[in-house]
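Please keep the sequence and the structure in view while reading.

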Amino acid sequence: MSENMHYRHHGPRIKHVVEEGAPYETITVDTLTPIIGAEIGGVDLANPTNRQMDEIHRALAEHCVIFFRDQHLSQDQHLDFGRKFGPLHLHPAAPHEPRHPELMIILADKDSPRANGEGWHSDVSCDEEPPLGSILYIKECPPRGGDTLFANMYAAYDALSDRMKTYLAGLRALHDGEANYRGTYSNFGVQDKPTYPNAVHPIIRTHPVTDKKALFVNKGFTRRILDIPADESAGMLAYLYEHAANPLFQCRFRWQANSVAFWDNRCVQHRAMWDYWPHRRYGNRVTVKGTRPV
Ligand code: SIN
């Protein structure tokens, strides 16, 4: 079978594989897949050392999403851990814990009309400066289900054909929060705002830390590609969403109570499984501010 036949029948070959660097010295790093995700051990997020923080930064850059088990964080400790990565982001719509606007509530139970993040998205990409990343601490889990899927958008970019990369280079897309947010949190008693953010971002962005290119369109927020006809935009976005959702780029995290997931929102999309109704899943998300995608 020729190389081309292989490509046509089996989809994109994965080119983005995490390269093993120098061994970690102050944390353990157990990779979930060769493409994305690692479980980090040997650290108490309530009290990490400076050296551990350096290695956590490195693990996030290498694996795109990192997981921690058996963490016991107060609300302030969760917020403090987030602040080690930069100023915290305020969500434009979602409910937050009393007195802590930066501590978003993630909750679904038997009375919920929906759960957070049920479709593929990167968090708040409708902001002019979308978040750097999100740190989700789940405190209560359903007996089964409630996993979160994560997908590596460097891998999605790398697997595009060279012709497609050339076509997309320089194109920009509109991201809009209106449809996502209006009325969405009324069951929490949240009043709608007069408007929600929208922003134009490049379809291919370069990560400010790793300098690698990532696909940056998502079904949750991206509405249309600018400067091309509407039907071409719709067709292209449909292709890119399907491409980005290829399981080859993904890992799936099975939560336990007191687990933490920290994803790099600049190169990862995620999707939460609401397969546990009528059970309850509850936690908090701290989101770190990002910069304008370039
Ligand atoms: C989110 O999109 O932040 C929610 C993810 C989850 O609940 O697993």
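Predicted model: local features only at pLDDT ≥ 70, side-chain atom pairs only at ≥ 80, totals over all residues.

## The second largest cavity

Sorted by class, the lining of the second largest cavity contains six nonpolar, four polar and one charged residues.

## The largest cavity

How many cavities of 30 Å³ or more does the structure hold? There are two of them, and the largest has a volume of about 50 Å³. Rolling a probe the size of a water molecule over the atoms is what shows where such empty space is left.

The residues that line the largest cavity are Ile106, Leu107, Ala108, Ala115, Asn116, Ala272, Met273, Tyr276 and Arg281. Strand 5, which covers residues 100-108, gives the most to this lining, with three residues. When the lining of the largest cavity is divided by class, seven residues are nonpolar, one is polar and one is charged.

## Around the ligand

Which residues are found around the ligand? They are Ile106, Asn116, Gly117, His121, Asp123, Leu136, Thr148, Trp263, His270, Ala272, Arg281 and Arg285. Ile106, Asn116, Ala272 and Arg281 stand around the ligand and are also among the residues that line the largest cavity.

Several side chains bring a polar atom to an oxygen atom of the ligand, and the distances can be listed one by one: for Thr148 the distance is 2.6 Å, for His270 it is 2.9 Å, and for an N or O atom in the side chain of Arg285 it is 2.8 Å.

Asn152 belongs to strand 7, which covers residues 148-152. Is Asn152 buried or exposed? Asn152 counts as buried because its relative accessible area is 0%, and buried means under 20%. Its side chain reaches two backbone atoms, namely the backbone oxygen of Ile35 at 2.9 Å and the backbone nitrogen of Tyr154 at 2.8 Å.

Arg172 is located in strand 8, which covers residues 172-176. With a relative accessible area of 39%, Arg172 is partly exposed, because that value falls between the limits of 20% and 50%. Leaving aside residues up to four places away in sequence, Arg172 touches Val200, His201, Pro202, Ile203, Arg224, Ile225, Leu226 and Asp227. Pro101, in turn, is 71 residues from Arg172 in sequence, and the two are 31 Å apart in space from C-alpha to C-alpha.

## Backbone details in the loops

Where does Pro278 lie? Pro278 is in the loop between strand 15 (268-272) and strand 16 (281-288), and the peptide bond that leads from Trp277 to Pro278 is cis, with omega near 10 degrees.

Arg99, although it is not a glycine, has a positive phi of about 65 degrees, and this residue sits in the loop between strand 4 (96-97) and strand 5. Asn258 is likewise not a glycine, and its phi is positive at about 75 degrees; the loop that holds Asn258 runs between strand 13 (250-253) and strand 14 (259-264). Arg99 counts as exposed because its relative accessibility is 74%, whereas Asn258, with a relative accessible area of 19%, is buried.

Methods
Residues numbered from 1 in each chain as written. Heavy atoms only, no water. 1 Å grid on protein atoms, 1.4 Å probe; cavity = no way out; pocket = protein on both sides within 12 Å on 5 of 7 lines; lining within 4 Å. Points joined across faces, edges and corners; volume = space filled by probe spheres on them. Helix = DSSP H or I, 4+ residues; strand = E, 2+ residues; numbered from the N terminus. Nonpolar A, V, L, I, M, F, W, Y, C, P; charged D, E, K, R; others polar. Buried < 20%, exposed > 50% of the residue type's maximum accessible area, 1.4 Å probe, protein only. Contact = heavy atoms within 4.5 Å. Near = heavy atom within 4 Å. Polar contact = N/O pair within 3.5 Å; in protein donor to acceptor, adjacent residues only side chain to side chain.
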